[in-house]
Amino acid sequence: MTQTQFPVAPAPPTAAPWRALSVVLAGVFMAVLDTFIVLVATPAIQRDLNATDADVQLVLAGYQLAYAVALITSARLGDLVGRRRMFLSGLALFTLASAACAAAPGPAALIAARVVQGLGAAAMFPQIFSMIQVLLPPERRARAFGVLGAVIGLAGVAGQLLGGVLVSADLFGTSWRPIFWVNVPVGLLTLALAAAFVPESRAPGAQRLDLAGAAVLTVALLLLVVPLVEGRQAGWPLWTWLSLAAAVLALAGFLLVERRVEARGGTPLIRPGLLRRRSFVVGMALVLLAYFGINSFFLVLSLTEQDGLGLDTMGAGLIYIPFAVAFFTGSLAAGRLTRHGARILQAGALLAALGYALAIAVSVHQGPSLAAWDLAPSFVLIGAGNGLLVTPLINTVLSRVPPAEAGMASGVLSTGQQVGGAVGVAVVGVLYYGTLGGARHGDAGAYGHALAVALGFHLALCAAMLLLLPLLSRGRRGGASR
């Protein structure tokens, strides 16, 4: 059965859609980069600003919280006021906030600037999904999503490597500050190019923003994400569990508000019908599972390589190169192999599972003699598998969504990526630190064992995705885009 057809908004006239998308991808690269670049600079920031552990945690969490909470609203605003306008506004805010981060005189100023930086990133990021949908015909979108996946993967790895390089270089005696200053010239150049080459587009028939829905969803996401980000470090006190329980009630209230808005003839922030599409629900579950593993993998690997195996920040960045090369290659290959459909996703999940299994086996077998580069072959499998899986997954889910709802769906998926990352870090953090116990730094055997336990969770995620993927495939054949 063919997929149900929906009215398509005419693509904005542009002779060079790839040029426009390349400019937007530069903004996406910056947004993802700043999720990771601060991780390796955290010790230097703490020393230089005389910050507490809580301050440093808020420097990391403030960006992620603002980013996650504002994504769906930003995507909807892009549909309403224009995706180009939202991208330019977000990029300008992100660039100004980066300068404020670099010049921050103390922890409070840095935390506030990071929150604003996260809001700017949230305004930019979901626009790329909608722009791909409207700038390119269906047969060319898979390639664009392949490039997007490669950019996201490289940005994550580059954040670790560039952070190590800039902090180690201590340019002009400024320690960690160049990790933010570097965004300013890049941001200004990207702003100029975006103003010149990126066309404007909006969703057809878009109405005013659902302010009630936006307010309830913001509260619900704060109640959900704050305990996930802060809970492990705080020891999971009672307030974290109360907050998670309240998040469930708030999300139920949000759905009720959206139904009422739609019943009145308005345009809800998220159409309830979107959540009744089996293909979208299954796809969203797969996105959550995939992102449970990505951020948490970087976390436990960085801790193991630096605290357990004695690598410095530069060495820890270099260890990601096999993963980055494989992820980049897998992402580009996925864009060229779309004719194989869900089998590419299944191959990616299986390849990643083999990589995790190999890393577990090496960690256990090597024990106290485990060395950093012993794990490199498994990184190649994990990187290639994620490139084949994560990149076409987003395209596969969005291909089942009416083009008029592309912005709405992209915001939901982007939020799922952030929430999935936070959940994964929380769960894997409990497993990893619980297994590690009071092991001293440099105890390769203990850190290797903790890594093996944590990667067992990643292996289970791959198994769950392999079970769900046939449902997505059947949905395609059976018209579950309805």
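In what follows, Ala, Val, Leu, Ile, Met, Phe, Trp, Tyr, Cys and Pro count as nonpolar, Asp, Glu, Lys and Arg as charged, and the others, Gly among them, as polar. On this basis, the lining of the largest pocket comprises 20 nonpolar, 13 polar and five charged residues. The structure described here is a predicted model.

The largest pocket holds about 1200 Å³ of space. Its lining is made up of 38 residues, and those nearest its centre are Leu39, Thr42, Leu60, Arg232 and Leu299. Two or more residues of this lining come from each of helix 1 (17-49), helix 2 (53-81), helix 9 (211-234), helix 11 (278-308) and helix 16 (406-436). Helix 1 contributes the most to the lining of the largest pocket, namely eight residues.

The fold as a whole is helical in its assigned elements, with 17 helices and zero strands in the chain. The C-alpha trace spans about 60 × 50 × 50 Å along its principal axes. When contacts between residues at least 6 apart in sequence are considered, 83% of them join residues at least 24 apart.

A search of the whole structure also found three cavities of 30 Å³ or more. The largest cavity has a volume of about 360 Å³. It is lined by 24 residues, and Val32, Ile152, Tyr291, Ile294 and Asn295 lie nearest its centre. At least two lining residues are supplied by each of helix 1, helix 6 (138-169), helix 11, helix 13 (321-336), helix 15 and helix 16. Helix 6 provides the largest share of this lining, with six residues. By class, the lining of the largest cavity consists of 15 nonpolar and nine polar residues, with no charged residues.

The second largest cavity contains about 80 Å³ of space. Its lining is formed by Leu289, Ala290, Gly293, Ile294, Ala352, Tyr356, Asn386, Leu389, His458, Leu461, Cys462 and Met465. Helix 11, helix 14, helix 15 and helix 17 (444-477) each give two or more residues to this lining. Nine of the lining residues are nonpolar and three are polar, and again no charged residue is present.

Helix 14 covers residues 342-366, a run of 25 residues. From its first C-alpha to its last, helix 14 reaches 36 Å, close to the 36 Å expected at 1.5 Å a residue. Gly367, which comes just after helix 14, takes a positive phi of about 55°.

Helix 15 (residues 376-398) includes Pro392. The relative accessibility of Pro392 is 11%, and the residue therefore counts as buried, the cut-off being under 20%. With neighbours within four places in sequence left aside, the contacts of Pro392 are with Ala334, Ile344, Leu345 and Gly387. Two of these partners, Ile344 and Leu345, fall within the residue range of helix 14, and Ala334 falls within that of helix 13. The C-alpha atoms of Pro392 and Leu301 are separated by 25 Å, the two residues being 91 residues apart along the chain.

Notes
Residues numbered from 1 in each chain as written. Predicted model: local features only at pLDDT ≥ 70, side-chain atom pairs only at ≥ 80, totals over all residues. Heavy atoms only, no water. Helix = DSSP H or I, 4+ residues; strand = E, 2+ residues; numbered from the N terminus. Buried < 20%, exposed > 50% of the residue type's maximum accessible area, 1.4 Å probe, protein only. Contact = heavy atoms within 4.5 Å. Expected span 1.5 Å × (residues − 1). 1 Å grid on protein atoms, 1.4 Å probe; cavity = no way out; pocket = protein on both sides within 12 Å on 5 of 7 lines; lining within 4 Å. Points joined across faces, edges and corners; volume = space filled by probe spheres on them.
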